[in-house]
Amino acid sequence: TDAVAAATRAGAADVAIVFVEKYFAEGSDSADMALGDGQDALIEAVAGANPRTVVVLQTGNPVAMPWRDHVAAVVCAWYAGQRGADAIARVLSGAVNPSGHLPVTWPASLDQLPLPKLPGSDVPEADEATKAAFSFQADRVPFSMTYPEGSDVGYRWFDRNRQVPLYAFGF
C-alpha cells in the first residue's frame, strides 16, 4: 500500500514530514473530526518507521489526532494560501520561529463539543422544490436546532463545563 511504501522511505530519512489535509468551507460542515482518506494510517505508518516525524496540518478546523503521541511535532498551517509553501518551508527549516497561537480551542474529541452530532445530518436531502425555494446550495430540507452553549462559545464552553481541551485557545 501507499502507507507501507511511505513508511519504508521514511525509515531511511533523517526526518519525515507528512502533509495532511481536510477541506472545510463556508456553507458546508464535517460530520466528524477525522482526516479521512487513510491519512491517519499513513501518519501512523510513517511515525512507526521514523520517530522524527513532523505532521503539517492543512485544515480549516481542529481535527482528531490519534497519532499525536507518536510524532515529534505537529505544525498547524491552516490554509496557507499562495505563498504558503514558502512560509511552511521557512518554519520547517528553522528560518522562522513557529510562534503563532491557536485562534480556536482544539477539543480532544467530538464528545467535548456542545453538539457532538452534526445538526441536520439526519435530515432528508433537499428536493428540487426546496432548492428552488432556498437556493441551489440547499443540500437539506430546512430544520430547526438549538444552541446548548448559548453565548459560551469556544473556550468559554470548556470553562463552563470544566473540560480540558487538547489545546486551549491561544496555545
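What volume does the second largest pocket have? The points below take that up, after the overall fold.

1. **Model and layout.** This is a predicted model. The protein has five helices and three strands. From the N terminus, the order of elements is α-β-α-β-β-α-α-α.

2. **Extent and surface.** Along the principal axes, the C-alpha atoms fill a box of roughly 55 × 40 × 30 Å. The accessible surface is about 10900 Å². Carbon and sulfur atoms account for 55% of that surface.

3. The protein has 171 residues, and 27% of them count as buried. Take the contacts between residues at least 6 apart in sequence: 62% of these join residues at least 24 apart.

4. **Largest pocket.** Its volume is about 920 Å³. The lining of the largest pocket has 29 residues. Nearest the centre lie Asp29, Asn61, Leu113, Pro114 and Leu115. By class, this lining splits into 19 nonpolar, five polar and five charged residues.

5. **Second largest pocket.** Here is the answer to the opening question: about 530 Å³. The second largest pocket is lined by 23 residues, with Val74, Val75, Cys76, Pro98 and Gly100 closest to its centre. Two elements each give two or more residues to this lining: strand E3 (73-76) and helix H3 (84-93). H3 supplies the largest share, five residues.

6. **Charge in the linings.** Which classes make up the lining of the second largest pocket? There are 18 nonpolar residues, five polar and no charged ones. For the largest pocket, the lining includes five charged residues.

Notes: Residues are numbered from 1 along each chain as its sequence is written. This is a predicted model: local features need pLDDT of at least 70, side-chain atom pairs count only at pLDDT 80 or more; totals for chains, interfaces and linings use all residues. Side-chain values use heavy atoms; hydrogens and water are left out. On a 1 Å grid over the protein atoms alone, a cavity is a set of points where a 1.4 Å probe fits but cannot get out, and a pocket is an open set with protein on both sides within 12 Å along at least five of seven lines; lining residues have an atom within 4 Å of a point. Grid points are joined across faces, edges and corners, and a volume is the space filled by probe spheres set on the points. Ala, Val, Leu, Ile, Met, Phe, Trp, Tyr, Cys and Pro count as nonpolar, Asp, Glu, Lys and Arg as charged, and the others, Gly among them, as polar. Helices (H or I, at least four residues) and strands (E, at least two) are DSSP runs, numbered from the N terminus. Buried means under 20% relative accessible area, exposed over 50%, partly exposed in between (1.4 Å probe, protein chains only). Contact means heavy atoms within 4.5 Å. Accessible areas come from the Shrake-Rupley method with a 1.4 Å probe; for residues, only the protein chains shown count as cover.
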